[in-house]
Structure formats: structure tokens, C-alpha cells
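Hi,

Here is the structure I promised to pass on.

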Amino acid sequence: MRNFDRLTQFALAAGAVVAGAPILGAAPASAQQHFTFAMVTHAQPGDTFWDIIRKGANAAAKKDDAKLIYLADPTATKEAQLVDNVVQQHVDGVALTLAFPDAEAGAVKDAQKAGIPIVGFNAGTDDWKKEGLLMYVGQDENIAGQAVGERLNSEGATSVVCVDQQQGAVQLEERCDGIKKTFKGAFEVLYVTGYDMPTVKARMTAKLQENPKIDYVVTLGAPFAPAVLDAISAAGSKAKLGTFDLNPQAVGLIQQGKLQWAVDQQPFVEGYEAIDLLWLYKTNGDVVGGGGPLLTGPAFVTKDNVADVSKFAQAGTR
């Protein structure tokens with residue numbers, strides 16, 4: 001894992017700091033302050049991806065000597081309410097997944113009126129600028145989806161199902177939309193509800209039995225890969241499987257040849273940078289990215305390079 005403590009030097013060297021950016025509320029870099037930052041996400045219970053996000057955020061908060069408040073809810077209205085809650089606590093900054101832009105817009109405006117800076121991460125690549133967020137760190141999900149579509153073409157896939165576990169979450173919709181944009185074969189989206197894995201298996205099994213021409217399944221979260229593999233086996237299908245995101249179990253499945261690849265957006269980096277960017281803004285007025293997002297992916301983990309990341313996955317940071 002690279003040394004994140006040198007982010008400012010890297011950004012300056014790359015010309016990524018925006019000259020003349022607004023620094024309302026910023027303090028001189030020499031004045032060490034103890035801040036309280038909130039991280040508000042749309043995480044669903046049981047998704048280990050968010051554990052990695054939180055590890056990165058905790059690491060940055062520890063380095064920055066800041067207090068971290070972590071809150072999550074997978075529903076649009078409740079995530080927006082969490083933003084309202086931390087605004088009322090007068091936090092010094094918010095790292096936010098803009099998964100439901102319309103529902104969250106009002107809470108975002110209230111935070112901005114209160115002078116609280118907001119950094120977007122993980123979700124909202126198409127909306128963070130429109131909502132006036134300072135910076136954004138994460139993966140462009142549509143671009144990632146397009147890369148998956150091209151990969152499916154190169155592997156000779158002809159009929160693909162994209163398994164979406166959270167209908168209405170914009171970043172998941174963008175992944176499927178990206179695949180559809182570049183994939184040349186038959187394509188459909190199968191919506192499942194949350195992390196009820198027996199139901200996921202049952203719905204996927206039924207879909208594969210209904211359409212035996214399906215030769216590839218793409219899950220939008222690594223925890224769904226084992227359930228879909230069980231469904232492929234139960235249906236007697238020969239479909240291959242790829243997934244977005246990475247966890248230790250996915251690494252093992254890639255090593256075993258059961259999972260063809262995983263798209264890694266490096267969630268530890270997302271969590272770390274989201275908090276550290278708030279700290280840089282508050283202590284030095286830095287706005288990083290040159291008006292664009294700080295991209296953390298996509299990167300494909302396959303049998304050819306899985307050994308290079310397996311030790312980090314076992315440590316819970318990939």
C-alpha cells in the first residue's frame with residue numbers, strides 16, 4: 001500500500017491543486033487543529049466493502065489527529081437525514097456518498113449554508129459538481145462499466161446478466177449502463193433486494209434456467225459472487241462470473257479459477273482520501289483534483305495479478 005501521507009506533495013507536483021480556490025473557513029497550515037469529520041454512506045449491512053472504506057477513513061483520521069463519526073443507511077431519505085444530523089452536531093467537514101442525489105440535495109445545501117465543507121466519494125461522479133461539493137474521490141462507474149463491457153466482448157460473451165442489489169443507487173445503475181454501452185451481445189439487469197443471499201441464489205438460479213443462453217454473469221458487489229456461483233451450479237449452467245469490487249473471498253475464488261476477475265476501485269484509498277482531503281482543506285485551503293475527480297479505479301484483478309494483491313486483501317485493505 002502506498003504512503004498516503006505524501007498526498008499534498010504529490011498533488012502539488014502534479015499541478016492538481018487549484019490556484020485561487022476558495023478557502024472559506026480554512027486555517028493556516030501551521031496551526032494544528034483537532035477536527036471532527038463525519039463520513040456518511042449508503043452502506044448496506046453485511047457488505048464487507050464498506051469495512052475497507054471505514055478502515056481507510058480511520059487511518060486518515062488517526063494520521064490527521066481528527067475525530068471520525070461514521071454513519072450509514074442504504075435508503076435515500078435516511079442517508080439524507082444522517083447528513084442533517086451531523087450538520088446539527090456542527091462537524092468540521094462531511095465525506096459523503098452521493099448515491100441518491102435528488103434525496104440528498106436539500107441536506108447538502110443545508111450543510112453548505114452552515115459553512116461545512118463536503119467531499120464526495122464512491123458515489124456521485126455525475127452529480128458532485130452540480131451539488132457544489134468541493135472535491136470527489138472514487139471510480140467513474142460508467143467508465144468502469146464500459147471497461148467491463150469491452151472485456152466481455154474480448155472473452156467472447158454473448159448473453160450477460162448484470163446483478164444489481166440496490167435498485168435506485170446511481171453508482172450501481174451507472175455500472176450496468178456502462179456495460180450495456182460497450183457490450184455487443186444480449187444484456188439484461190436482474191434486480192435483487194439487499195443481502196438476502198438465499199433469495200439471490202434462488203432468483204439467479206431461476207433466471208439461468210429460464211434462459212440457458214446466458215454465458216456470463218456480472219455481480220456489482222463481491223459478497224454476491226459466492227451466491228451466484230452456487231446458482232450457476234444449481235442451474236447446471238456453464239456461465240462464467242465476474243464481479244465489481246474485491247474482498248478476501250473474491251481473491252480466493254479468482255485463485256481457484258471460479259471467478260474470472262474483479263474490478264477493484266480501491267475502497268481503502270477512497271475512505272482515506274475523502275477524510276484527508278477534508279483535513280487538507282481545513283488546514284491549508286487545498287482543493288485537489290483540478291476541477292475533476294481523483295480516480296481510484298477501475299483496475300482488473302485476475303489470475304495473472306491476484307498474487308500481488310492477495311496479502312493486502314487478507315489484511316483487509318484491498
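Is the disulfide of Cys-162 and Cys-176 left-handed or right-handed? The torsion about its S-S bond is about -75°, so the disulfide is left-handed. The two sulfur atoms sit 2.2 Å apart, and a disulfide here is a pair of cysteine sulfur atoms within 2.5 Å. A search of the whole structure turns up one disulfide. This pair links distant parts of the chain, 14 residues apart: Cys-162 is in strand β6 (residues 159-164) and Cys-176 in helix α6 (residues 170-182). Helices (H or I, at least four residues) and strands (E, at least two) are DSSP runs, numbered from the N terminus. Both cysteines, Cys-162 and Cys-176, are buried (under 20% relative accessible area, with a 1.4 Å probe and protein chains only).

Before you go further: this is a predicted model, where local features need pLDDT of at least 70 and side-chain atom pairs count only at pLDDT 80 or more, while totals for chains, interfaces and linings use all residues. Residues are numbered from 1 along each chain as its sequence is written, and side-chain values use heavy atoms, without hydrogens or water.

Now the cavity. The structure holds one of 30 Å³ or more (a set of points on a 1 Å grid over the protein atoms alone where a 1.4 Å probe fits but cannot get out; lining residues have an atom within 4 Å of a point). About 150 Å³ of space lies in the largest cavity. Its lining has 18 residues, and the closest to its centre are His-42, Asp-47, Trp-50, Gln-165 and Gln-171. Helix α6 turns up again here, giving the most to that lining with three residues.

Cheers

Key:
Buried means under 20% relative accessible area, exposed over 50%, partly exposed in between (1.4 Å probe, protein chains only). On a 1 Å grid over the protein atoms alone, a cavity is a set of points where a 1.4 Å probe fits but cannot get out, and a pocket is an open set with protein on both sides within 12 Å along at least five of seven lines; lining residues have an atom within 4 Å of a point. Grid points are joined across faces, edges and corners, and a volume is the space filled by probe spheres set on the points.
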